[in-house]
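Let's take a walk through this fold together. Have the viewer open and follow along.

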Amino acid sequence: AERWAIPVVVDNRPGGDSVVGLQAFVASSDEHTLLFAPTGSVTLVPLQHERLAFDPNEELVPIAAGTKVTLAIAATKTVEISSLADLVAVVRAQPGKYRWAAVPGLPELIFSAFLTMEKLQMTHVAYRDIPNALRDLGAGRIHIMVASVATMSPQLQAGTTRLVALTNSERSAIAPHVPTAIESGYPGLTVDTQWGFFGWRGMPDALRTRIADDIRHATSDATLVARLAVQQAQKAAAKRGAFLHRLPKFS
């Protein structure tokens, strides 16, 4: 808003693996709305939903990356799990005893794949509301959670939950002591994800380039970088929604 000298309204549309926000963006067709959403909106949503009213690959034009997301596997303190090797050993010793949950989308898919690859039996508990899953994790009613570090920060700070491993390819500054899945010997759990800005079908290339430059300028601002570091840069991911940025028509 400061760089463009015009108001920017953020309209959060959570729900449905981002489909709610995606549909609202595609339906707007007004050339003054940008979409800020997980990159999985293009890569995963078409695979998770057999019938969509739109084609993300046709309707969403990538503009620029926004923030990276640090995904992690966490365990409740009521079980003796402090590493992926511990997790495998404990679950293998008592198949079906332990319960897990994950933020819908990529976190859920990668952990499901991990269980399949390792031939482990755990009970998946689906939640409509992630805060309820986090409360159950803290209370020990579920044993494993897969989500962003920022999403789980209240439980981590309270000491009811411990991080087991990061699924990112590299360690994170917000949890430097936590090993990656690669370091832990399970490279199949590795995935890097981020949130990015998208434009509409038919967006002129020159406009796309100009907005990308403006986004890069904004995200390199020292004040913003410091704020994201303090806030752990991923709080938006907890909502699993999308944000519509409404502005006067671009020219």
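**A walk through the model**

Start with confidence: the chain averages a pLDDT of 85, and 91% of the residues score at least 70. That score is the predictor's confidence in each residue, on a scale from 0 to 100. Over residues 233-242 the pLDDT is below 50, yet beyond near neighbours in sequence this stretch has 40 contacts in the model, a contact being heavy atoms within 4.5 Å. Where pLDDT is low, the predicted coordinates should not be read in detail.

Residues are numbered from 1 along each chain as its sequence is written, and side-chain values use heavy atoms, with hydrogens and water left out.

Now for the sheet. Five strands make an open sheet in the order β6-β5-β7-β4-β8, with mixed pairing; strands here are DSSP E runs of at least two residues, helices are H or I runs of at least four, and both are numbered from the N terminus. Two strands pair if DSSP finds at least two bridges between them. At the edges sit β6 (123-124) and β8 (161-166), each pairing on one side only. Further in, β5 (residues 99-102) and β7 (residues 144-148) run parallel, joined by 3 bridges. Tryptophan 100 has isoleucine 144 in β7 as its bridge partner.

Helix α7 (residues 130-139) packs on this sheet, touching β4, β5, β7 and β8, and its direction makes about 135 degrees with that of β7. Helix α6 (residues 106-118) lies across β4 (71-76), β5, β6 and β7, at about 145 degrees to β5. The axes behind those angles are lines fitted to C-alpha atoms, for helices over the stretch in contact, and angles run from 0 to 180 degrees between N-to-C directions.

On to the aromatics: the structure holds 5 aromatic pairs. Rings of Phe, Tyr and Trp (its six-membered ring) pair if their centres lie within 6.5 Å; planes under 30 degrees apart count as stacked, over 60 as edge-to-face and the rest as tilted. Phenylalanine 36 and tryptophan 195 have ring centres 5.3 Å apart and planes at 45 degrees, so their pair is tilted. Phenylalanine 36 lies in strand β2 (residues 33-38) and tryptophan 195 in strand β9 (residues 193-199), so the pair ties together parts 159 residues apart in sequence. Both phenylalanine 36 and tryptophan 195 are buried, meaning under 20% relative accessible area, with exposed over 50% and partly exposed in between (1.4 Å probe, protein chains only).

Note on methods
This is a predicted model: local features need pLDDT of at least 70, side-chain atom pairs count only at pLDDT 80 or more; totals for chains, interfaces and linings use all residues.
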